[in-house]
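Student: Could you walk me through this one? I'd like to start with the strands.

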Amino acid sequence: VGQFGFKVSMGQIYTALKKAGFADVVEVGVGADITSVKEAEEYIEMVPEKQSFMTSSCCPAFVKLVKTQIPEAADNVSDTDSPMVSTGRLIKAQDSYAVTVFIGPCIAKKSEARLYNEAVDNAMTFEELQCMLEGKDFIIAEQEARPQPPPYSTRYSRG
């Protein structure tokens with residue numbers, strides 16, 4: 001939220017995205033919860049019985065760095081999906097026709113989205129979003145702060 005100014009709220013961002021044509025907005029925090037649980041399970045399974053340590057990072061640039069520049073440590077990088085990928089998979093499990101767009105601060109997420117294109121259809125930076133919205137004359141700080149939807153996990157429970 002802070003990317004768009006100190007006085008901008010999540011409700012204003014939600015309103016601007018809906019006006020711009022996004023069907024829904026899902027906070028990637030739901031994917032972070034999934035990732036945290038799976039990484040903890042992976043760590044318990046692997047360390048110390050199978051390997052002495054395990055790194056974890058949701059940063060595709062870090063993962064690529066280790067795999068290309070420190071290949072001897074590549075097996076110690078967690079295999080758990082990032083929150084972006086976990087969220088995309090959750091959405092696609094509920095609606096296989098959904099088009100998912102991750103919006104975040106890092107350009108490296110674009111390459112990760114290409115690697116996991118079954119879960120994430122596209123990725124854009126906050127700066128790109130800002131340009132897109134301003135191009136449509138949607139100034140986030142001027143939007144009505146609509147109530148945000150409930151968390152994704154409660155809106156679309158599997159059951």
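Student: Which residue is the bridge partner of Phe102 in strand 2?

Tutor: In this predicted model, Phe102 has Ala123 of strand 2 as its bridge partner. Strands here are DSSP E runs of at least two residues, and helices are H or I runs of at least four, both numbered from the N terminus.

Student: How many bridges join strand 1 to strand 2?

Tutor: Four, and the two strands, residues 101-104 and 122-125, run parallel; strands count as paired if DSSP finds at least two bridges between them.

Student: And what does the chain pass through from strand 1 to strand 2?

Tutor: The chain goes through helix 5 (residues 108-115), giving a right-handed β-α-β crossover, where right-handed means that, with the strands pointing away from the viewer, the path from the first strand over the helix to the second runs clockwise.

Student: Switching topic, how many residues has the largest nonpolar core?

Tutor: It has 13, with Phe4, Val8 and Leu133 among those having the most contacts inside it. Such a core joins buried Ala, Val, Leu, Ile, Met, Phe, Trp, Tyr and Cys residues through side-chain atoms within 4.5 Å, buried being under 20% relative accessible area with a 1.4 Å probe, protein chains only.

Student: Which helix gives the largest share?

Tutor: Helix 1, with five residues.

Student: What share of the protein is buried?

Tutor: Buried residues make up 36% of the 159.

Methods:
Residues are numbered from 1 along each chain as its sequence is written. This is a predicted model: local features need pLDDT of at least 70, side-chain atom pairs count only at pLDDT 80 or more; totals for chains, interfaces and linings use all residues. Side-chain values use heavy atoms; hydrogens and water are left out. Buried means under 20% relative accessible area, exposed over 50%, partly exposed in between (1.4 Å probe, protein chains only).
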